[in-house]
Amino acid sequence: MSLIEAAREVRENAWVPYSRFKVGAAIRAASGRVYVGCNVENVAYPEGTCAEAGAIAAMVAGGDTRIDEIAVIADSPTPVAPCGGCRQKIAEFAGPDVEVTMATTEGQTLTRRVADLLPGAFDAAQMERAAGPAA
Ligand code: THU
């Protein structure tokens with residue numbers, strides 16, 4: 001199954017009573033395993049989580065920490081753009097050249113590199129003058 005197909009399948013499970021906007025995400029990790037996630041909203045709106053965050057949490061819980069490829073899909077008029085917070089979350093586990101494929105349920109796709117989605121990203125190097133050992 002392709003990564004987009006995996007994202008399309010998990011999207012059906014999204015919990016979206018407030019936005020009605022279902023999103024699915026799938027990650028191929030360095031181990032070759034595929035991890036999926038969907039958005040899970042909450043009546044306390046800020047507590048909702050994005051599909052990408054769910055897939056990343058599943059990946060880390062599964063023992064993987066490197067993203068080789070990621071796909072996101074939604075019923076949007078143009079390929080769905082990960083939110084700013086998710087771009088930073090993806091960058092935590094993906095190098096600048098990792099491809100992010102954004103898709104619509106109708107079959108449009110757009111692929112961009114992590115570095116293109118989050119130019120000038122904040123990273124650990126910017127904390128090098130802070131006291132204490134790095135994590
Ligand atoms: N959402 C995602 O899950 N991923 C994205 O890339 C864009 C937005 C979700 C969050 C919320 O549940 C709904 O879409 C509307 O913002």
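C38 sits buried, at 14% relative accessible area (buried is under 20%, exposed over 50%, partly exposed in between, with a 1.4 Å probe and protein chains only). The model is a predicted one, where local features need pLDDT of at least 70 and side-chain atom pairs count only at pLDDT 80 or more, while totals for chains, interfaces and linings use all residues. Residues are numbered from 1 along each chain as its sequence is written, and side-chain values use heavy atoms, with hydrogens and water left out.

On to the cysteines. A disulfide is a covalent bond between the sulfur atoms of two cysteines. Here the cut-off is a pair of cysteine sulfur atoms within 2.5 Å, and searching the whole structure turns up 0 of them. For C38, the closest cysteine sulfur belongs to C50 and is 11 Å away, so that pair is too far apart for a bond. C50 has its closest cysteine sulfur in C86, but at 3.8 Å this is also too far for a bond. C50 itself is partly exposed, with a relative accessible area of 30%.

C50 turns up again around the ligand. The residues surrounding the ligand (a heavy atom within 4 Å) are S19, F21, V23, N39, E41, C50, A51, E52, A81, P82 and C83. Sorted by class, this shell holds 7 nonpolar, 2 polar and 2 charged residues (Ala, Val, Leu, Ile, Met, Phe, Trp, Tyr, Cys and Pro count as nonpolar, Asp, Glu, Lys and Arg as charged, and the others, Gly among them, as polar). As for N and O pairs, the side chain of E52 puts an N or O atom 2.5 Å from a ligand oxygen. Taken alone, the ligand exposes 370 Å², and the protein buries 76% of that (Shrake-Rupley areas with a 1.4 Å probe).

N39 is buried, with a relative accessible area of 8%. Leaving aside neighbours within four places in sequence, N39 is in contact (heavy atoms within 4.5 Å) with A14, W15, V16, F21, K22, V23, T49, C50 and A51.

How values were computed
Polar contact = N/O pair within 3.5 Å; in protein donor to acceptor, adjacent residues only side chain to side chain.
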